[in-house]
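Visitor: I have a structure open and would like to learn how to read it. Can we go through it step by step?

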Amino acid sequence: MNRHLHLILPAVLSIFLVGPACNKQSTHTAASRQDLIRQALNLVDSLSTHGYPITYRAAQPKTIRWDLSQLISVGQQQGLLAPIVFDNDLLIKTNFDKNQLFHLNYLAKLLFFPDSTGKNTIMIITDFPDSNYFNDPTRPFTGLRFMEDWYGHPVQKLLFTPEGKIKRFTPNKTQPTLAEITQTCYSIVGYNYSPALNETYTWTEDVGCNTNFTDDGSGNALGSLGSNSPGSGGASGASSFTVLPGNSVIKSIKTYFQCFTNVGGTDHTYTVTVCVDQPDPGTRTPWSFSGSGSSGSSSGDNPVYAGHAFLILTETYGYTTITRNVGFYPAGNVNPASNTSQGALNDDETHAYNISGSFTVNSAQFFTILNFISQGNSQGYLYDLNTNNCTTFVINAVAQVGITLPRTIGTWVDGAGNDPGDLGEDLRQNNITGMTLNLSGGTFNSHLNVGQCN
Amino acid sequence: MKKRAFVFFLVAGILTSCQVRWENATKWTLYGYQGSRLFKIPIDSLKMLDTVQLNQDSVTSYLSSAKVVHPKEPFLWMGGYVTTCSLNGHLRKVEFSNYGNFFYDENEKHYYQLSSEKAESWLAFVQNNLLTLARKKVITPPQTHP
């Protein structure tokens with residue numbers, strides 16, 4: 001579906017850029033409307049059986065109110081705009097509208113239209129009003145407009161400002177200048193209340209910051225938007241559209257990894273990044289002692305930082321990126337005197353690291369690594385400070401597909417084994433085949449999980 | 001017999017008084033950092049980091065059952081969360097491990113353990129707060145060196 005979007009997107013945008021206030025009632029016959037509804041129903045049925053939603057919102061069961069649909073013009077074609085009623089009570093609030101709660105039913109609509117080649121297309125249009133629009137809905141729409149395909153892949157995100165400007169989201173915009181650093185970031189929180197369970201599921205969507213939205217200018221907005229539409233071969237790069245709500249401990253690794261797709265060919269790219277948080281960055285020191293305790297002391301109450309090694313797993317295709325961080329930990333507390341514990345996989349998306357090495361692998365290799373990692377939560381699979389710690393686990397994971405990392409053994413009081421200090425220096429000093437070395441590391445917010453399908 | 005009982009209660013009282021009553025701590029603040037400088041960032045430098053306030057009731061609920069522990073060998077840190085709280089009018093820096101169920105009070109240089117039943121829920125609570133902070137994507141100016 002995406003490859004046809006560039007043919008029609010300018011026309012679609014011409015409708016939605018001018019806002020809901022300019023939508024006109026159709027004067028077309030009921031016969032043509034019924035015909036479009038029939039085509040739209042066929043397309044929805046087809047899409048529902050040929051793909052998987054990638055966002056929580058897209059995955060929600062819903063009813064399209066075709067009976068309330070309106071005919072609208074999409075370029076030279078006729079299209080349908082239909083309300084969506086979600087089966088569950090989905091409430092949304094945003095940080096740019098004083099945290100007012102909206103029912104998602106009132107924000108989301110389905111747009112169906114045949115493009116100029118006759119290919120039928122469906123988009124989900126969701127308007128998130130800002131406080132200006134909320135205070136006076138008679139004025140032109142201001143806020144954020146999401147345009148997504150049936151599965152939730154972002155097609156376009158637009159920011160309608162109170163000044164009447166329409167800004168387009170650019171996910172891979174370069175680092176803001178100093179002048180732009182005072183920025184506003186937008187986020188959306190959703191609530192799914194289940195009366196049967198008396199529970200509420202909460203999810204969060206990271207929409208980007210004002211520095212991600214660029215002013216196309218009202219005069220040439222359509223052209224520039226069209227040239228960057230999916231399938232145009234223009235702008236590439238993935239949108240950081242959704243971020244999973246985090247749990248430090250990964251309860252189900254199968255669920256955690258389920259967004260990844262095992263697809264052959266060259267249009268899906270898979271990357272495995274070995275991240276190392278050295279206890280004393282730039283040295284092979286296996287453990288560093290706390291600055292607050294007596295230096296070098298290993299007395300019981302003096303914190304000892306052992307560092308950590310973990311993996312970032314990424315799949316990229318088209319405009320979609322799926323990212324998951326995972327590290328191997330003991331489920332319980334460990335120290336050299338008590339060096340084993342049940343193993344546990346944790347989400348390391350906020351864990352800073354100072355050095356990393358990335359490898360591009362094929363889909364088979366990628367899933368081999370995932371399978372290896374999955375055993376980390378298995379009952380009886382032990383974390384051992386000396387023989388199967390986080391560093392050993394990472395080395396062994398990539399070794400499954402022939403990536404050989406040095407296995408330097410470090411020593412410490414009452415023990416020895418692989419350690420982040422040595423692995424970090426091994427990445428730095430060895431010219432490892434196929435590895436892209438990153439000496440800049442990552443911060444607590446630079447490698448967050450991306451892509452939601454759970 | 002009375003002397004023994006007196007000594008017992010005296011020692012028990014002293015030990016109990018050594019344990020911080022975390023339920024009295026307020027203004028719990030989580031900082032945007034998780035890495036090797038966990039213990040090395042001085043408390044007066046934490047203001048350089050992004051912060052998020054932790055829900056007082058939640059923290060109190062988790063920490064009210066924390067017990068002081070004195071392990072024979074140090075627990076190993078593989079990452080952790082930097083927090084501060086206000087206790088008896090003083091700011092204290094407290095680090096929470098990102099695995100297991102222990103944390104460290106820099107002021108008293110003591111380890112504490114949460115009950116193991118609360119550990120997973122606690123880790124999720126802290127991580128979710130750090131993620132909230134991370135998603136704000138506050139960008140700091142690049143460091144300039146003289």
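Visitor: What percentage of the residues of chain A count as buried?

Guide: This is a predicted model, so read every value as computed from it. Of the 454 residues of chain A, 44% count as buried. The chain has ten helices and 24 strands.

Visitor: What share of the contacts between residues at least 6 apart in sequence join residues at least 24 apart?

Guide: In chain A that share is 71%.

Visitor: How do I read a sheet? In what order do the seven strands of the open sheet lie?

Guide: The general idea comes first. Strands of a sheet pair through backbone hydrogen bonds, either parallel or antiparallel. Here the order is 21-19-18-17-14-20-24 in chain A, and the pairing is antiparallel. Strand 21 (382-384) and strand 24 (435-438) are the edge strands, each pairing on one side only. From one strand to the next, the twist averages 30°.

Visitor: Over how many bridges do strand 17 and strand 18 of chain A pair?

Guide: Eight, in the antiparallel sense. Strand 17 covers residues 308-317, and strand 18 covers residues 320-330.

Visitor: Is helix 9 of chain A largely enclosed or open?

Guide: Begin with the helix itself. An α-helix has 3.6 residues a turn, so residues three or four places apart point the same way. Now count burial in this case. Eight of the ten residues of helix 9 in chain A are buried, so the helix is largely enclosed by the rest of the structure. Among them are A:Phe393, A:Val394, A:Ile395 and A:Val398.

Visitor: Which strands does helix 10 of chain A lie across?

Guide: Helix 10 (residues 420-429) lies across strand 14, strand 17, strand 20 and strand 24 of chain A. It runs at about 125° to strand 14.

Visitor: Strand 14 keeps coming up. Is strand 14 of chain A mostly covered or uncovered?

Guide: Mostly covered: seven of its nine residues are buried. Strand 14 pairs with strand 17 over nine bridges and with strand 20 over seven bridges, in the antiparallel sense each time. Two residue pairs let you check this on screen. A:Cys275 stands opposite A:Phe310 in strand 17. A:Val272 has A:Phe359 as its bridge partner in strand 20.

Visitor: Now a single residue. Why does A:Thr323 count as buried?

Guide: Count its neighbours. A:Thr323 has 23 C-beta neighbours inside 10 Å, so it counts as buried; the cut-off is 20 or more. A:Thr323 is found in strand 18 of chain A.

Visitor: What is A:Thr323 in contact with, leaving aside its neighbours within four places in sequence?

Guide: A:Ile312, A:Thr314, A:Asn449, A:Val450 and A:Gly451. Sequence distance is another thing to check. A:Thr323 and A:Leu313 are ten residues apart in sequence, with their C-alpha atoms 5.6 Å apart in space.

Visitor: Which residues make up the covered face of strand 4 of chain A?

Guide: A:Leu90, A:Ile92 and A:Thr94 form the covered face of strand 4 (residues 89-94). The uncovered face holds A:Asp89, A:Leu91 and A:Lys93. Strand 4 pairs with strand 5 (residues 101-103) in the antiparallel sense over three bridges. A:Ile92, from the covered face, has A:Phe102 of strand 5 as its bridge partner.

Note on methods: Residues are numbered from 1 along each chain as its sequence is written. Chains are lettered from A and ligands numbered from 1 in the order in which they are written. This is a predicted model: local features need pLDDT of at least 70, side-chain atom pairs count only at pLDDT 80 or more; totals for chains, interfaces and linings use all residues. Two strands pair if DSSP finds at least two bridges between them. Helices (H or I, at least four residues) and strands (E, at least two) are DSSP runs, numbered from the N terminus. Axes are lines fitted to C-alpha atoms, for helices over the stretch in contact, and angles run from 0 to 180 degrees between N-to-C directions. Two residues are in contact if their C-beta atoms, placed from the backbone, lie within 7 Å. A residue is buried if 20 or more other C-beta atoms lie within 10 Å of its own, exposed if 12 or fewer, and partly exposed in between; C-beta atoms are placed from the backbone.
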